[in-house]
Amino acid sequence: MVSYPATTETISLALEANSSEAISILYQVLEDPSSSPEALRIKEQAITNLCDRLTEEKRGEDLRRLLTKLRSFFSLIPKAKTAKIVRGIIDAVAKIPGTTDLQITLCKEMVEWTRAEKRTFLRQRVEARLAALLMENKEYVEALALLSTLVKEVRRLDDKLLLVDIDLLESKLHFSLRNLPKAKAALTAARTAANAIYVPPAQQGTIDLQSGILHAEEKDYKTGYSYFFEAFESFNALGDPRAVFSLKYMLLCKIMVSQADDVAGIISSKAGLQYVGPDLDAMKAVADAHSKRSLKLFENALRDYKVQLEDDPIVHRHLSSLYDTLLEQNLCRLIEPFSRVEIAHIAELIGLPVDHVEKKLSQMILDKKFAGTLDQGAGCLIIFEDPKADAIYSATLDTIANMGKVVDSLYVRSAKIMA
C-alpha cells in the first residue's frame, strides 16, 4: 500500500483523484507522524478537503469519527484553529439532511471533551449549538436548562457576541413555549448586547426577524412588517435562504392588515421576483382569497399549499385567526336578511358542515358579534334587532360623577375654613 506524506503534492493528488480514492489519500495524510509547521498546515488543508468530500457523499458518521480521531491533532495546533475546525465539521454534518440526532450526539461528545480539556471558549459555543439543536428537536426542557446555565456563565465573562446568540436563542425557545413576556425580555437583552458591539449582518437580520415575529404575535402587523423588511434586506444581500421566509412574513403582515392587494406588487418587484416559488405562490393564493372574501378559495389555498402554510407554525397561527375572521364576516353577511333561519340553510349557503356552522354561530353570539339565540330543538337561528342603548344610564353616571366632584370640592373648602 502506498503511503502518502503531508505535502502539497499529496493534496493536489487528492484533488485530482475520484471521491473514494481522494478520501483514502486524505486519511493517510492525517496519519503522517510529522508535526512540523508545514505538515500541520497541510493537515489542516486535508481536513477541510476531507470534510467537503464526506459531506458530498452524505457520510455523517464518518465525519463524527473524524472529529474523534482529530483530538490528538488538536493538542498540536492553536485553540482558535481547533475551534474553527470543530465548528466546521459540525456545520458539515448539519448540511446532511436528517442528521439532527447525530448532531446532538456529536455536540454532547464535544462538550464532554472540551470540559475535560478545559477549553471554555469552544465549549460555550458548542453548548449554544447544542441548545439550538435540542430546540429544533422539540426537547424544550433540556434546552432551557442548558441555556439558563450558559447565559449566566457568558454574562460573567462578558462575551457580547456569544451573548447575543444565546439571548436570541432563549427568545426563540420561550416563543416556542408560548411565553411571550420572557421571549420579549430575552430579545431586548439581545438588542442591548448587540448595541455595544459590531454585529454581523446575518445576526442583525436574525434579530430583526425575531422582532417581527414577536410584534406580529401581538397583532402589531405594521411594526412587524418593518422588521421583516429589514431582515429581508439583510438576508437578501447575503444570499441567505432565510430571505424567502422574511418576504413570506412581510406578505402575511400585508394580508393581516387587509392590504392584500399590495401582495401581487411586492411579489412582482425586482427583489420579489428572485424568490418566486411555492412559498410566494401560497401567500398570493391566500391574498386572492382574502380580497374576494372567499372561504372556498381560502380552504383551497390551505389544501394546495399545506407545507408552506399549515406546516409553518408562524403562518399557520395567523391564518387560523384570519380564517375565523373571514368565516365571521361571511356568516354575518348571510344572516343579515333574516330574523329566523334554519342553520342547515346557512351551512348549505356557506358550504360548511352544519355542526361546524352551529358551533361558530354559538361562539359569535357569546362574543356579542350579533344579537340572537340558537333554537337547537328546531335547528334554527333567531336573530334579534340590535338593542338601542338607553341614554338615561350614561346621563345618570355623568350626573353622579359631577356630584362627586362637587362634594370633594366642598370638603377641601371646609378643611381650609376649619384650619
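**Contacts, rings and helix packing**

Tutor: Let's begin with Glu328, which touches Lys360, Met364 and Lys369, not counting residues up to four places away in sequence. Contact here means heavy atoms within 4.5 Å. This is a predicted model, where local features need pLDDT of at least 70, side-chain atom pairs count only at pLDDT 80 or more, and totals for chains, interfaces and linings use all residues. Residues are numbered from 1 along each chain as its sequence is written, and side-chain values use heavy atoms, with hydrogens and water left out.

Student: Okay, and where is Glu328 placed? Buried or exposed?

Tutor: Glu328 is in helix 20, residues 313–335. Helices are DSSP runs of H or I with at least four residues, strands are runs of E with at least two, and both are numbered from the N terminus. With 15% relative accessibility, Glu328 counts as buried. The cut-offs are under 20% relative accessible area for buried, over 50% for exposed and partly exposed in between, using a 1.4 Å probe and protein chains only.

Student: What about Ile365, which residues is that in contact with, leaving aside neighbours within four places in sequence?

Tutor: Ile365 is in contact with Phe370, Gly372, Thr373, Leu374 and Leu381 on that count. Ile365 is in helix 22, residues 354–366.

Student: How do helix 21 and helix 22 pack?

Tutor: Helix 21 (residues 343–350) packs on helix 22 at an angle of about 105°, and their axes are 9 Å apart. Axes are lines fitted to C-alpha atoms, for helices over the stretch in contact, and angles run from 0 to 180 degrees between N-to-C directions. That makes helix 21 roughly perpendicular to helix 22. The scheme is under 35 degrees for roughly parallel, over 145 for roughly antiparallel, 65 to 115 for roughly perpendicular, and oblique for the rest.

Student: Which residues make that contact?

Tutor: Helix 21 brings Ile343, Ala344, Ile346, Ala347 and Ile350, while helix 22 brings Val354, Val357 and Glu358. By class, the contact has 7 nonpolar, no polar and 1 charged residues. Ala, Val, Leu, Ile, Met, Phe, Trp, Tyr, Cys and Pro count as nonpolar, Asp, Glu, Lys and Arg as charged, and the others, Gly among them, as polar.

Student: And how do helix 1 and helix 3 pack?

Tutor: Helix 1 (residues 8–16) and helix 3 (residues 37–56) have an angle of about 10° between them, with axes 10 Å apart. So helix 1 is roughly parallel to helix 3. Thr8, Ile11, Ala14 and Leu15 of helix 1 meet Glu38, Arg41, Ile42, Gln45, Ala46, Asn49 and Arg53 of helix 3.

Student: Where does Ala22 lie?

Tutor: Ala22 lies in helix 2, residues 19–30. It counts as buried, at 0% relative accessibility. Apart from neighbours within four places in sequence, Ala22 is in contact with Ala14, Ala17 and Arg53.

Student: Switching to rings. How many aromatic pairs are there?

Tutor: A search of the whole structure gives 5 aromatic pairs. Rings of Phe, Tyr and Trp (its six-membered ring) pair if their centres lie within 6.5 Å; planes under 30 degrees apart are stacked, over 60 edge-to-face, and the rest tilted. One of them is Phe74 with Trp113, whose ring centres are 5.7 Å apart with planes at 55°, so that pair is tilted. Phe74 is in helix 5 (residues 71–74) and Trp113 in helix 7 (residues 100–116), 39 residues apart. Both Phe74 and Trp113 are buried.
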